[in-house]
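Here's a quick briefing to read alongside the coordinates.

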Amino acid sequence: MLAKKPQRTIEFAEQDEIFIKKLASDIGCHCSKVNERTYSLNRLKTGVQGKRGAFAWVHKESHDYFWVSTRKAWVDQAKLKALAGKNAAIVNSFPRDMQHAEDSVCFDTRTDYSNAVTVLGLVKKIR
């Protein structure tokens, strides 16, 4: 039998929630707490879990470090929509590589906040 390793739990503090609410506001969406380390970004503000339209998740890794993940397929759809609109500036905002898993895309809010907001705003529209 394999022994499970304890997972590090980093709880959100008040200043973290302020940052996540600002991120949601900049994207034009709503946020809700999923667990101690994760918030979801949702298209709709509703109490019904399956009806919120979650399109991204904000994870806390350390004291002041967050990353946002979304599905690669949704980012690809948003990129196609941006290309159809011939908006090269937005297309250049899309991440060049996938991280953490084959089917997800992650954004580092510390170094690439404005690009994350731009792309996630497009993903929200197609979701």
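A disulfide here is a pair of cysteine sulfur atoms within 2.5 Å. By that rule, the count for this predicted model comes to zero disulfides. The model is a prediction, so to speak of local features takes pLDDT of at least 70, side-chain atom pairs count only at pLDDT 80 or more, and totals for chains, interfaces and linings use all residues. Residues are numbered from 1 along each chain as its sequence is written, and side-chain values use heavy atoms, with hydrogens and water left out.

**Cysteines**

- A disulfide is, in general, a covalent bond between the sulfur atoms of two cysteines.
- Cys31 counts as partly exposed at 23% relative accessibility, while Cys106 counts as buried at 5%. The cut-offs are under 20% relative accessible area for buried, over 50% for exposed and in between for partly exposed, using a 1.4 Å probe and protein chains only.

**The sheet**

- Five strands make up an open sheet, ordered β1-β2-β3-β4-β5, with antiparallel pairing. Strands (E, at least two residues) and helices (H or I, at least four) are DSSP runs numbered from the N terminus, and two strands pair if DSSP finds at least two bridges between them.
- The edges are β1 and β5, each of which pairs on one side only.
- On average, neighbouring strands of this sheet are turned by 30 degrees against each other, direction ignored.
- Strand β1 (residues 30–35) pairs with strand β2 (residues 38–42) over five bridges, in the antiparallel sense. A hairpin of two residues links β1 to β2.
- Two of the bridge partners in β2 are Thr38, which goes with Asn35, and Leu41, which goes with Cys31.
- At the other end of the order, β4 (residues 65–71) and β5 run antiparallel and are joined by five bridges. Trp67 has Asp108 as its bridge partner in β5.
- Is β5 (residues 104–108) mostly covered or mostly open? Mostly covered: four of its five residues are buried.
- Val105 sits in β5 and is buried, with a relative accessible area of 0%. Its C-alpha atom is 9.6 Å from that of Ala56, 49 residues apart along the chain.

**Helices**

- Helix α2 (residues 72–84) packs with helix α4 (residues 113–126) at an angle of about 95 degrees, and their axes are 9 Å apart. Axes are lines fitted to C-alpha atoms, for helices over the stretch in contact, and angles run from 0 to 180 degrees between N-to-C directions.
- That makes α2 and α4 roughly perpendicular to each other; the class covers 65 to 115 degrees, with under 35 roughly parallel, over 145 roughly antiparallel and the rest oblique.
- Contact (heavy atoms within 4.5 Å) is made by Trp74, Val75, Gln77, Ala78, Lys81 and Ala82 of α2 with Val119, Leu122, Val123 and Ile126 of α4.
- These contact residues divide into eight nonpolar, one polar and one charged. Ala, Val, Leu, Ile, Met, Phe, Trp, Tyr, Cys and Pro count as nonpolar, Asp, Glu, Lys and Arg as charged, and the others, Gly among them, as polar.
- α2 also lies across β3 (54–62), β4 and β5, running at about 75 degrees to β4.
- Lys21 belongs to helix α1 (residues 14–27) and is exposed, with a relative accessible area of 53%. Lys21 and Cys31 are ten residues apart in sequence and 6.8 Å apart in space, C-alpha to C-alpha.
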